[in-house]
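Here is a short briefing on one protein chain. Look over the sequence and the fold before reading on.

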Amino acid sequence: MGTLVAKLLLPTLSSLALLPAVSVAAKRRFHMEAMVYLFTMFFVALYHACNGPGLSILCFLRLDVLEYFSVYGTALSMWVSLMALADFDEPKRSTFVMLGVLTIAVRTYHDRWGYGVYSGPIGAAVLIIAAKWLQQMKEKRRLYPDKSVYAQQVGPGLCFGALALLLRFFFQDWEYTYVHSFYHCALAMSFVLLLPKVPAGKKRTFSRGPRSGPKRRSLQPASVLPTPAEACSQRLSSPLPFPAAVARL
């Protein structure tokens, strides 16, 4: 009985593998990507919970709505991850992201279970990244980006992404529960690897210098003025300068 319950809950629990991707994206200041991952995780987990027996009480949306947004969120997560890897400046980054948001929504509505719902965004993103990186190589006359990016991010990220798609479309009929759960884990790992390690925006530090306001005058006690008699005696007792003494003679 416990094994049966675990098999039923495993697709739902495995969707929580996107939590590390959300945490890494937020830590590296990719807040838009973190929101997309969180959106995807919510609808994927809710869809699997409502699709299986025992947890249908959690369904506050229709199953077809949950199905649509789970597929749409997954495709959109792939798109924003690849756009983050491309490292475009504004406004190009926002333009490409919004283009993916609109086109993926239409493509998912047209056919949410076909190969094109994932291969279309991935293929378009790879072409955009290749065009941008080739232009940078031509301008700088060297490899762009560094070899470490290809070895630590691009290569492993694409490998995990390809593994996830293979599990999703070709091996899922073997054992749906375990294969689909591994698909969730491989997909989340590809998102983590594809995100650039450099934060999206460096945090500015403001050094507060000395205050340039008006200086306050220190209050000192006023000197006591001498009386007229004391001033006259001091003047008579003080020696006269040499020209004044000669003039008096």
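A residue is called buried when its relative accessible area is under 20%. Keep that cut-off in mind for the points on helix 2 below. The model is predicted.

**Overall fold**
- The chain has ten helices and zero strands.
- Read along the sequence, the pattern is α-α-α-α-α-α-α-α-α-α.
- Of the 249 residues in the chain, 36% are buried.
- Take the contacts between residues at least 6 apart in sequence: 71% of them join residues at least 24 apart.

**Helix 2**
- Which residues of helix 2 are buried? In this helix, residues 18–27, they are L18, A21, V22 and A25.
- These four cover an arc of only 100° around the axis, so they sit on the same side of helix 2.
- What covers the buried residues of helix 2? The cover includes helix 3 and helix 8, the latter spanning 176–194.
- After helix 2 comes R29, and its phi is positive, near 70°.

**The nonpolar cores**
- The largest nonpolar core has 46 residues.
- Y37, W79, V80, M83, Y118 and F191 have the most contacts inside this core.
- Helices 2, 3, 4, 5, 6, 7 and 8 each supply at least two of its residues.
- Which helix gives the most to this core? Helix 4 does, with 13 residues.
- Apart from this core lies another, of five residues, among them F43, L46, Y47 and C50.

**A closer look at Y37**

**The surface**
- The accessible surface of the chain comes to about 16800 Å².
- Carbon and sulfur atoms account for 66% of that surface.
- L13, L16, L19 and L38 make a nonpolar surface patch of about 350 Å².
- One of these, L38, lies in helix 3, residues 31–51.

Terms used
Residues numbered from 1 in each chain as written. Predicted model: local features only at pLDDT ≥ 70, side-chain atom pairs only at ≥ 80, totals over all residues. Heavy atoms only, no water. Buried < 20%, exposed > 50% of the residue type's maximum accessible area, 1.4 Å probe, protein only. Contact = heavy atoms within 4.5 Å. Areas by Shrake-Rupley, 256 points an atom, 1.4 Å probe, with all protein chains shown as cover. Patch = residues over 30% accessible without salt bridge, like charges linked within 9 Å, V, L, I, M, F, W, Y side chains within 5 Å. Salt bridge = Lys/Arg side-chain N within 4 Å of Asp/Glu carboxyl O. Arc of directions from axis to C-beta. Core = buried A, V, L, I, M, F, W, Y, C linked by side-chain atoms within 4.5 Å.
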